[in-house]
Amino acid sequence: MRIRTIPAVAAGSALALLALTGCGAADMTRQASPFANAHGARTVTLSVQSWVGAQANVAVARYLLEHELGYRVDTVQVDEVPAWDALSQGRVDAILEDWGHPEQERRYVEEKKTIAPGGDLGVTGHIGWYVPTYFAEQHPDVTDWKNLNKYADRFRTPESGGKGQLMDGSPSYVTNDKALVKNLKLDYRVVFAGSEAAQITQIKQFAKEKKPFLTYWYTPQWLFEQVPMTEVKLPPYEEGCDADPAEVACAYPVTPLQKYLNADFAENGGEAAELLRNFRWTTEDQNEVSLMIADRKLSPGEAAKKWVDSHPSVWKKWLP
C-alpha cells in the first residue's frame with residue numbers, strides 16, 4: 001500500500017541491523033529477534049509501516065505488551081516488501097498490517113516456512129481513486145473512469161506537465177496507478193506527494209480552496225471524516241486481473257488485512273505471540289487511534305493509552 005507518513009520512533013540498533021537485510025546479505029532466516037532476551041528482558045520487535053493506521057496498531061499492541069505483560073517493545077520502520085525480508089530473517093517478530101504480498105507469502109510462508117500467518121487484523125482495506133465529494137456532487141459522471149479524460153484539464157497542476165494529476169503518496173507503496181493510466185489510455189500523470197503526511201497536507205489544502213483533485217487513497221483512513229471523498233469506479237476487479245503488474249487494467253481488490261509473525265517467534269514467543277495473534281479490532285477502533293495521532297497530535301503512546309483506558313472490553317479478550 002498504502003499504503004499510505006508519520007514516522008515511528010525506531011530503535012537505533014534495530015536500524016543498523018536492518019542495513020544488513022539487503023540483497024546479498026547472509027542468510028539469517030533462523031536468527032531470532034536481535035533483541036530477544038537482551039539483559040534478561042522479555043523483548044518483542046515490531047515492524048511499523050509508514051501509514052498512520054499501521055502506527056495505530058503497533059501503538060496499542062506495544063502499550064499492552066509493555067503495561068499488561070511486562071515486555072520491552074522495540075519498533076522498526078521499514079518499507080512494505082523489505083519488512084517481509086526482515087520478518088523472515090528474525091530482525092522483527094511481527095507485521096501487524098499487511099495489504100497483500102502474494103509473492104512474499106509464497107516464498108516465506110509456503111516454501112521457506114520462516115513466516116507464519118498471525119490471523120486477521122479485523123480491518124478490511126481497499127485502495128482506490130477518489131475525488132472530493134463536493135466535486136462529485138457537481139459532476140456526477142466523474143465517478144466513472146470512462147469520463148476522467150473529460151475532466152483532465154480540471155485536475156491539471158504544475159507538476160503534472162499538461163496532463164491531469166493523479167496524486168499518489170509514497171513511491172514505496174505498492175501501486176498499480178502508472179499501469180492503470182497507461183492501459184486505460186487516460187490523459188493523466190501520476191505525481192507522488194512523497195508520503196502519507198504530505199498527501200494529507202495537499203488534500204486538505206485542495207479542500208480548503210474547494211479545488212478539484214484526483215487521488216490514490218484508501219480505507220480505512222481517518223481523513224474521510226474531515227474531507228469527504230467519493231470513489232471513482234474503475235473496471236471491476238476479478239481474480240488474477242492484477243497478476244501482471246504491467247498489464248493491470250482493473251480496480252484494486254478489497255483486502256481483509258492480515259498479521260504475520262516470524263515462524264520461530266510464533267512457536268516460541270509465549271504470551272507476546274499469543275496476544276498478537278489475538279489482536280483483532282474494528283475499522284472504527286483503528287480510526288479512533290489514528291485520528292488522535294495524526295490530527296490531534298498525541299504521541300502514539302498517549303493515543304494508545306486513551307484507547308486502552310476506554311475500551312477494556314475489547315482488548316482484555318486478547319490477553320493470554
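Biologist: Let's start with tryptophan 281: is it buried or exposed?

Modeller: Tryptophan 281 counts as buried, because its relative accessibility is 2%. Buried means under 20% relative accessible area, exposed means over 50%, and partly exposed is in between, using a 1.4 Å probe and protein chains only. Bear in mind that this is a predicted model, where local features need pLDDT of at least 70, side-chain atom pairs count only at pLDDT 80 or more, and totals for chains, interfaces and linings use all residues. Residues are numbered from 1 along each chain as its sequence is written, and side-chain values use heavy atoms, with hydrogens and water left out.

Biologist: Thanks! How many aromatic pairs are there?

Modeller: The count comes to 15 aromatic pairs. The rule takes rings of Phe, Tyr and Trp (its six-membered ring) whose centres lie within 6.5 Å; planes under 30 degrees apart are stacked, over 60 edge-to-face, and the rest tilted. One of the pairs joins phenylalanine 135 and tyrosine 151, edge-to-face, at 5.8 Å centre to centre with 85° between the planes.

Biologist: Where do those two sit?

Modeller: Phenylalanine 135 is in helix H5 (residues 133-138) and tyrosine 151 is in the loop between H5 and S5, so their pair ties together parts that are 16 residues apart in sequence. Both phenylalanine 135 and tyrosine 151 are buried. Helices (H or I, at least four residues) and strands (E, at least two) are DSSP runs, numbered from the N terminus.

Biologist: And which tryptophan pairs with tryptophan 281?

Modeller: That is tryptophan 307, and the pair is edge-to-face, 5.2 Å centre to centre with 85° between the planes.

Biologist: Which residues form an aromatic cluster?

Modeller: Trp99, Tyr216, Trp217, Tyr218 and Tyr252 form one cluster.

Biologist: New topic: which residues have the most contacts inside the largest nonpolar core?

Modeller: They are Leu46, Val60, Leu65, Trp129, Leu276 and Trp281, in a core of 86 residues. A nonpolar core is a set of buried Ala, Val, Leu, Ile, Met, Phe, Trp, Tyr and Cys residues joined through side-chain atoms within 4.5 Å. Helix H2 (residues 52-67) gives the largest share of this core, 10 residues. Apart from it lies another core, of 12 residues, including Val78, Leu87, Ile95 and Ile115.

Biologist: What does leucine 276 touch?

Modeller: Leaving out residues up to four places away in sequence, leucine 276 touches Leu46, Ala61, Leu65, Ala94, Leu96, Gly118, Lys259, Leu261 and Phe265. Contact here means heavy atoms within 4.5 Å.

Biologist: You mentioned helix H2. How exposed is arginine 62?

Modeller: Arginine 62 is found in helix H2. It is partly exposed, because its relative accessible area is 30%. Arginine 62 touches Val73 and Thr75, again not counting residues up to four places away in sequence. Arginine 62 and alanine 272 are 210 residues apart in sequence, and 10.0 Å apart in space, C-alpha to C-alpha.

Biologist: Now the strands. Why is S5 called largely enclosed?

Modeller: 5 of the 5 residues of S5 are buried, so the rest of the structure largely encloses this strand. Both faces are covered, with Gly164, Leu166 and Asp168 buried on one side and Gln165 and Met167 buried on the other.

Biologist: Which way does S5 pair with strand S6?

Modeller: S5 and S6 (residues 188-192) pair in the parallel sense over 5 bridges. Two strands pair if DSSP finds at least two bridges between them. The partner of leucine 166 in S6 is valine 190. S5 (residues 164-168) also pairs with S7 in the parallel sense, over 2 bridges, and there leucine 166 stands opposite leucine 214.

Biologist: What about S7: how many of its residues are buried?

Modeller: In S7 (residues 214-219), 5 of the 6 residues are buried, so the strand is largely enclosed by the rest of the structure. S7 runs antiparallel to strand S4 (residues 115-132), and 5 bridges join them. Isoleucine 127 has tyrosine 218 in S7 as its bridge partner.

Biologist: Lastly, how many helices and strands does the protein have?

Modeller: There are 12 helices and 9 strands. Of the 320 residues, 53% count as buried.
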